[in-house]
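Have the model open while you read.

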Amino acid sequence: MQDQHEAVFSWFAHPVFSRYWQHYRQAMGWQQKHKRAYSRALAAYAFPPFPWPSPAAPPPRYSGLARG
């Protein structure tokens, strides 16, 4: 029973897969870093530190031009 368990769970410890695990760790680090950056970007967009300009009113320079 122990031999079968070792055969199933020891494949990933083989030296052939060392390059795979190196890439896996690098990819997971990249993914975590970009996940944090994406979360920060969304938070900055949703809750900006400055007020958004109000698009409700048209600019005053166009308010009286085309009245006839």
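1. Let me start with the loop: Trp-11 sits between α1 (2-9) and α2, helices here being DSSP runs of H or I with at least four residues, numbered from the N terminus. Trp-11 is partly exposed at 45% relative accessible area, a label for values between buried (under 20%) and exposed (over 50%), with a 1.4 Å probe and protein chains only.

2. A word on provenance. This is a predicted model, in which local features need pLDDT of at least 70 and side-chain atom pairs count only at pLDDT 80 or more, while totals for chains, interfaces and linings use all residues. Residues are numbered from 1 along each chain as its sequence is written, and side-chain values use heavy atoms, leaving out hydrogens and water.

3. Overall, the protein has 2 helices and 0 strands. Buried residues account for 0% of its 68 residues.

4. Now the rings: the whole structure holds 4 aromatic pairs. Tyr-20 and Trp-21 are edge-to-face because their planes meet at 75°, with centres 4.8 Å apart. Trp-21 and Tyr-24 are edge-to-face as well, at 5.5 Å and 80°. Pairing requires centres within 6.5 Å; planes under 30 degrees apart are stacked, over 60 edge-to-face, the rest tilted.

5. Trp-21 and Tyr-24 lie 3 residues apart in helix α2 (residues 18-46), about one turn. Ring pairs link Phe-12, Tyr-20, Trp-21 and Tyr-24 into a cluster. Within it, Tyr-20 is partly exposed at 43%, Trp-21 at 24% and Tyr-24 at 36%.

Key:
Rings of Phe, Tyr and Trp (its six-membered ring) pair if their centres lie within 6.5 Å; planes under 30 degrees apart count as stacked, over 60 as edge-to-face and the rest as tilted.
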